[in-house]
Amino acid sequence: MQDMDWRGVRAMVFDMDGTLLNTEQVIVHAASQTLEHLGHGPLPEGYRMPNMFGTAADLMADVLIDRGVPLPPTGRAQLGALFERFYAERPAGSAPLYEGVREWLQYVHERGIALAVCTNKQYDLAIHGLEAAGILPLFDAVTGRDTCGIPKPAPDPLLHTLSQLHVPPQDALYFGDTHVDAACADAAGVRFVWFSAGFGTPRVREYPQALAFTDYPSLQQLASF
């Protein structure tokens, strides 16, 4: 883990899936239910999603391609809506926090740094997931895929989030796990902090990183603010 200058950091914004919450099994289960609803067989045991970094429609479209299944007549929009419906039906607590997330958020919150979430998940699903994990009250703002009408990697969702916090890009950090997060941060002029134990691929390394870390407990030992 490299050193980083924490001085002047006024806000920390987080991706959700693969950064705060380990949603992999929930995502696979919702994708499998979507396939079955469309009249196809479920995903096999131990299936690895080919795409863990896009919108719901992106995730499902790549699953269909991977399984050799054609798009439904109604197209990608129905895929995304079905996936999000089944995702929302999962019991509260199905997606656990990564170790040390709660403690890190509380540590930062107590030091007066603004906290927010910027995710490609639908806003209502993001609120539900954060609430179920017991961390929603720690955040000053939440931006979902449908908040701005355009998802990451466009910079718009992250810039919108920072505008809600009244913090300029140069005074913020964006924590994420995939190249989509890294590209969004780069386009927005925000320093990117890579959680390398999430769902990302080596493509993250194509973008600038202020810091890379593998677990949250180590961050408290490193932080100096």
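Residues are numbered from 1 along each chain as its sequence is written. In this predicted model, local features need pLDDT of at least 70 and side-chain atom pairs count only at pLDDT 80 or more, while totals for chains, interfaces and linings use all residues; side-chain values use heavy atoms, without hydrogens or water.

**Stop 1: the two domains**

Colour domain 1 (11–22 + 95–222) and domain 2 (24–89) separately. These bounds come from an automatic or database domain assignment. Over C-alpha atoms, the two centres are 24 Å apart. Now show the contacts (heavy atoms within 4.5 Å). On the domain 1 side there are 14 residues in contact, and they meet ten residues of domain 2. About 1100 Å² is buried between the domains, with carbon and sulfur atoms giving 63%. Buried area here is the accessible area (1.4 Å probe) that two parts lose on being put together, summed over both. Next, select Leu125, Arg145 and Phe199 in domain 1: they lose the most area to domain 2, together 39% of what that side buries.

**Stop 2: the cavity**

Stay between the domains. Both domain 1 and domain 2 give residues to the lining of the largest cavity, so the cavity lies between them. A cavity is a set of points on a 1 Å grid over the protein atoms alone where a 1.4 Å probe fits but cannot get out; a pocket is an open set with protein on both sides within 12 Å along at least five of seven lines; lining residues have an atom within 4 Å of a point. Grid points are joined across faces, edges and corners, and a volume is the space filled by probe spheres set on the points.

The structure holds one cavity of 30 Å³ or more. The largest cavity has about 230 Å³ of space. Select Asp17, Met52, Phe53, Gly54 and Asn120, which lie nearest its centre among 20 lining residues. Helices (H or I, at least four residues) and strands (E, at least two) are DSSP runs, numbered from the N terminus.

**Stop 3: the pocket**

Select the lining of the largest pocket, including Glu24, His29, Leu43, Tyr47 and Arg48. The space in this pocket is about 200 Å³.

**Stop 4: helix α8**

Which residues of α8 are buried? Select His179, Val180, Asp181, Ala182, Ala183, Cys184, Ala185 and Ala188. Buried means under 20% relative accessible area, exposed over 50%, and partly exposed in between (1.4 Å probe, protein chains only). That makes eight of the ten residues in α8 (residues 179–188), so the helix is largely enclosed by the rest of the structure. The cover over these residues includes α7, β4 and β5 (191–195). Just after the helix, Gly189 takes a positive phi of about 75°.

Zoom in on Cys184. Its relative accessible area is 0%. Beyond its neighbours within four places in sequence, Cys184 contacts Lys152, Pro153, Ala154, Pro155 and Leu158.

**Stop 5: two backbone features**

Most residues other than glycine have a negative phi, and most peptide bonds are trans. Select Lys152 and Pro153: a cis peptide bond joins them, with omega about 20°. Pro153 sits in the loop between α6 (145–148) and α7 (156–165). Finish at His166, in the loop between α7 and β4 (172–176). His166 is not a glycine, yet its phi is positive, about 60°. His166 is exposed, at 66% relative accessible area.
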